[in-house]
Structure formats: C-alpha cells, structure tokens
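Let's learn to read a structure by asking one plain thing at a time. Have the sequence and the 3D view open as you follow along.

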Amino acid sequence: MVNERVMEKLGILADAAKYDVSCSSALSKRENKDKGLGNAKGYGICHAFTEDGRCVSLLKILLTNHCIFDCAYCVSRKSNDVKRAAFTVQEVVDLTIGFYRRNYIEGLFLSSGIFDNADYTMERLVRIAKKLRLEENFNGYIHLKAIPGASDELLKQAGIYADRLSVNVEMPTEQSLKLLAPDKNHKDVIKPMEYLKNEIAGYKEEKKLNYKAPLFAPAGQSTQMVIGATKESDLEILGMADYFYQQMNMKRVYYSGYVPISYDNRLPAIGTPVPIIRENRLYQADWLIRYYGFNVNEIVGLNQPNLDLDIDPKLGWALHNLNQFPVDINTADLELIKRIPGIGYLSAKKIVAARQFKKLFPEDLRKLGIAYSRAKYFLAFATPFQMQKDLTSIQIKDQILNLQKSKYKNDFSNQLALFN
Amino acid sequence: MTQVIYDGTYEGWLTAVFEIYEFKFQDIVFAKKEASAVLLFAENHFVVTDVSKANRVLKGLKQRLSSEGFEGIYKAFLSDVNQIEEIMFRFTKYVLSSSINVEEDFGNSDVWELRRATRLTRKEAHRMEAFVRFKLTKDQLYYAIIEPDCDVLPLIESHFKKRYADQRWLIYDVKRKYGIYYDLENVSTIELQFNTKSNSANHLTEICDEKEEFFQNLWRCYFSSVNIESRKNMKLHIQHMPKRYWKHMIEKIPETK
C-alpha cells in the first residue's frame, strides 16, 4: 500500500506538523489484548531525539495541510504559498503500523488542516483511529486533534479510540487570537474542551463502578499556546494555563515558542530568535505549579508580571521570599524542602528518607546529587551547615550566577560579541 | 586476601556470598571464571554454583528489603560496572547485619554506590526499549542488534514480549554475544554467529523484506523533516541520544544507496 508518493507526502506533512509541541506518550494504560500489536505503557518512551533536542515518541503528522483558515502564525494557512498534500486513511494506518512494528514510535499523533469543514476533517481523523484499533488490533498510543466546531458525536467517537485528545487554544488571549486568526475565537475552542472534560469525568466515574468500562481518552486532554508571537505577559500565559488545569482538568498545557515563519507585519520578523529561554522558564513555572505546590501568584504577580530570564522561577521565588529561609533539612517538612533552590522533587524525598538514619551533613547532600553550591544559601545556619553570611538577595543571585556556567550566559553578557 | 572465583552468573555470585560467610573469609575480591593474574599473593577459593545456597542468601535479603530494593541488587549486578561484585557484597553485608531496612540510608556510601549502579542499568534498559530498531527479514522475523554497556536483555524481555505479541522478533547483544528470541509463544535465550556488517546495501536486499529499505528511508525522511533548524541544539541531542548508540540506529545511518 505504502508507495513512493508517500515519501513526498511524509516530508510535507511531518514538516507542517512539527510546530505542534506535544510529544507525550505517557499516562495511558492500554494493554495488549488478544495477542494484538502494541501495549501503551504508563510511562512515555522517547524513541529518538531531533537535532534540536526534542523528543520523538509519536509519528506526528497532519492528515492534510490544505486549510480553509488563514491564521497568521500557521505554516499551513490558506494564503501561504506552500506545497499541499493529503494522506489517505489507509496510508496513515500503514505508516503507523510499519513504524510501530520496527520500534521507531510509540504511536500516532494526528492533526490536520481544516479542509471543507470541521466535521468532514474530524470524521477522517476518527476513521483512522478506528481502523487502527478495530482492524489492526493496535494498542499503541493515539493522540488526535479535536477540531474546533466538530460535532459532539464525533468527539465522542474520537474519545473511544484515542488515548489523548487536544484542542489548541493557540493564543493566550482573545485579542491576540482575533488579531492573528480572524476566523477563530476562544469560544469554539473552549466548547469541545468542556465537552471532553465532562465525558472524561463521566468515564472515570463509570470506571469506579465497573473496571471493565470501555476506555475514553484515558490519557486525558491537553492544549498548546504559542508564546512570543504576541505581547502577552507571563502572568497572562500562566493564568490561562492555570485556568485550563483547574477548570478543564487538563493533563498538560504546552508552550510553543514562536518560530518566525512569515513576513506578516503583525508578527515578529523572520530572523527574530525563537524565545527558547522564555519557553523553558514557562515550563519550569508550570512544573512548580503542578508538582511543587506553588500557586501561580507566588511565581508571577501584578508587580512582576514576567519571569526572570536569567534565573529559574524557583530561585526567583526564593530570593523574593528570603524570610522563609533558612530551612533546616534535618527537621523541615517535605513541602518546604521541595521549595529550596537546587533541591528537586526526588531529592527532597531522598533527604526525608535518608535523615531517618542519621543527621545529614553537606557532603551527604552532595552525594545525593543536590546542587549544593546553589542550595547552601537557603539551608539552616545550625551545625553541621556552615554559617552563611547575611547576604541580600542580589548578592546571592550574583554569586549563584557566577558559580554556574550557565549555558545561556552569553545571552546575558553585557559585552558585545565582537567576533560573531 | 581471598580471591573468590565464581562462574559469572547471579546465582554463582549469591553462592559465593553464602560461602564467604560460611568460611568467614576476610578481605575478599571477586573474579569471574578464572583467577586474576594480578593478585599474586591471594588465596583462591573456587565457588561451585549451588541453588540452595543462593536461595538462602536471597531469602535473607528479601526479608530485609522492599521488592524494589531486592531487585535493585540484581540490576546492579547487570550493570557490569567496575568492581560491582565488591560493592554488592558490602551492601549485602550491611543489609544482613541490620534489623531494619537500610536501603534508603543514602548517607551510607555502599548504599549509594549500589543505587548508582542500579540506576545505570535501569536507565540503559529504558534507553534500549526506546532505541532498538527492528529490521524485517524475508522470512518475517523482526531483528535488532544492540551494544549496551549494561547487560539489559533480561530486563527488557517482558516489555518487548507484551508489545510485539503478534510478530516474531530477535534482539541480539553483540557485546555479550547472546540474544533473546520470541517465537510467538515464548522468549528464549539464544547464542549465534551474527554478521555485524548488516548495514550494507547488499545485505539489505539479500536478507531483508522488500519493503524494509523503503521503511528505513521513510523513517530517515520523517526524522529529518521534524527537525526545526532554528532551534538546533546538538549538545542536548547528544545528551539524550549518546553517540555510542548511533551505529545501530536507522536515523543516524546514512542511506545505503
């Protein structure tokens, strides 16, 4: 089935899908049944990494890059002069199976330009997932894009065959969406999210009563925002993310640093660097909120609406809250230890386990793999830890920045790079 | 000093531990299969693997460790790191001498070193679950060659068995010269002569399925299409996908034509 023409389509439709940053293949427990193919594990597997360092775990493609919309930030927009292509249902099925059997991928991530209308597009996406599950007995991971405006009935079908569904919000605020994607509005995106949230919650209830209840999007839903294309602050972005986590029970919100792809004067010009550091800081802040018990307002607020680019948000928080420190790691609660810069989530747990055996000394912390040179400013003054001088937050920041050979250091140097 | 020589298997090592206690040996070093020539003045003790002795050591460890900690010792054994047997022995001695579970005593260097070896193996096993690349032969066998630092085949067997229940497959470790083979029913360990020059064009057309080369090229095409040039970060790329694995990964091998 798969022939030479598919190679060309794959080039076009993988290239067009690569700006969608979601790559997770975790959190679904779809077990191999009846000696079929595939077994979606609880944890994700990155099968390869691109030269830009991102994980490749799914065959991430568009069904087609023909699109009736004209969103300025999107390579597949109607007015863009690019080569167009479309896969057939069977071609996507064959590619997925061929790649999966060779252990290249964990499954399929299928998105699409909108051709004709929302339902027409969604129906094809669903047909591919259905064919994989029912005809190929495929139990690998499937992530489908839910097309805004698609009917509830099709969304339901999608949830039955896919592991995860996502609708991209694209822009953090309604104004930017209106500016760059005149055909879209937030309401069309929120509606399917809400529908999916309720269906997923319903499935979870059913599962409690009957463990054999058929799966419905067991890995939940996610969304993505493009950042740096418009002028939102990190406060607005993280506030929006928080809304999705709290109100929509999202599993993940992805942040996609805008890669300039057009000469449209509403957008950063081609050649403007991708805001990679900012994107990284947003992910760090996102983790602090989801796994470290931080509240959004502790990280960004009206008085400081943007994250520091030169230090990570946890260090930033600590420097603004020196009154919470020093912390005695031999007695403090786990929650407080997690908040010490240089000590991660797992290390904090190890500290709490290890201190039952003996009092921990600085060298023990180093052994545990903690960034001691960074953490020491926030640790208890009592023995065995050395007395730290009373330093101001600016002094601590300077010392830490000097200590670490930051990979971004050059980006912040005041000196001109003469020989670039 | 006593040099304890065992057959290189996990059961053999456990038997050795039993006998070290039995004969009250002090100051020991381990050797696989034959005595090391470097140790001129050591007494040699040859261990004959004995399942009942091995089981008694296992039982003692099981009582004092969580199931994760218990399996951790075996994983450390598979790590093949330098002097792992001695690290395992010191850890075992600490575990057996204590009435409470000490596996989280991270302030203790034997606990920590053992944990590091365990983690090394676990990490590489996970990587091999990811980086194995199967090729399809004319007689519909999916085979892959790997060359890991740690002896991970025993750990990844069930993963591949569950995942590829409906295809015959073989994963061969060229470094240790054995493989695991799934025949649609069971997984067995096999030893065979494998031609490692299997990336040549001739080889592909000779033994591989007619679609195999095409799928490899499709994968290469996909791999290069998803890269975003303006975000290039080779340091991160290599950190995630170390170069030592590249020679068996399709996407890192140039096209044969």
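Reading the features

Q: Is E51(A) buried, exposed or partly exposed?
A: E51(A) counts as partly exposed, because its relative accessibility is 23%. The classes are simple: buried is under 20% relative accessible area, exposed is over 50%, and partly exposed is in between, with a 1.4 Å probe and protein chains only. Please keep in mind that this is a predicted model, where local features need pLDDT of at least 70 and side-chain atom pairs count only at pLDDT 80 or more, while totals for chains, interfaces and linings use all residues. Residues are numbered from 1 along each chain as its sequence is written, chains are lettered from A and ligands numbered from 1 in the order in which they are written, and side-chain values use heavy atoms, with hydrogens and water left out.

Q: Which residue forms a salt bridge with E51(A)?
A: Here is the general idea: side chains of opposite charge can pair when their charged atoms come close. The cut-off puts a side-chain nitrogen of Lys or Arg within 4 Å of a carboxyl oxygen of Asp or Glu. For E51(A) the partner is K252(B), with 3.8 Å between the closest N and O atoms. This pair crosses between chains: K252(B) sits in the segment after helix 9 (234-240) of chain B, and E51(A) in the loop between strand 1 and strand 2 (55-56) of chain A. Helices (H or I, at least four residues) and strands (E, at least two) are DSSP runs, numbered from the N terminus.

Q: How many salt bridges does the whole structure hold?
A: Over all chains, the search finds 38. One of them joins D20(A) to K145(A), whose closest N and O atoms are 2.6 Å apart. D20(A) lies in the loop between helix 1 (4-15) and strand 1 (48-49) of chain A, while K145(A) is in strand 5 (residues 141-145) of chain A, so this bridge ties together parts that are 125 residues apart in sequence. D20(A) is buried, at 11% relative accessibility, and K145(A) is buried too, at 6%.

Q: How far apart along helix 3 are R127(A) and E123(A)?
A: They are four residues apart in helix 3 (residues 118-134) of chain A, so about one helical turn separates them. R127(A) and E123(A) form a salt bridge with their closest N and O atoms 3.4 Å apart. R127(A) is partly exposed at 37%, and E123(A) is partly exposed at 31%.

Q: Which residues are linked in a network of salt bridges?
A: In chain B, look at E124(B), D149(B), K175(B) and R244(B), which salt bridges link into a network.

Q: What is in contact with Q224(A), leaving aside its neighbours within four places in sequence?
A: Contact here means heavy atoms within 4.5 Å. The partners of Q224(A) include D20(A), Y19(A), N168(A), E170(A) and Y254(A). Q224(A) belongs to strand 7 (residues 221-227) of chain A and is buried, at 4% relative accessibility.

Q: Which backbone feature does E170(A) show?
A: E170(A) has a positive phi, about 65°, although it is not a glycine. E170(A) is found in the loop between strand 6 (164-166) and helix 5 (174-180) of chain A, and it is buried at 12%. K35(A), also not a glycine, has a positive phi of about 50°. K35(A) lies in the loop between helix 1 and strand 1 of chain A, and at 43% relative accessibility it is partly exposed.

Q: Is the peptide bond from F325(A) to P326(A) cis or trans?
A: It is cis, with omega near 0°. P326(A) is placed in the loop between helix 10 (313-320) and helix 11 (334-337) of chain A.

Q: What can I say about chain B as a whole?
A: Chain B has nine helices and eight strands. Its C-alpha trace spans about 65 × 40 × 40 Å along the principal axes. Of its 257 residues, 53% count as buried. Among contacts in chain B between residues at least 6 apart in sequence, 69% join residues at least 24 apart.
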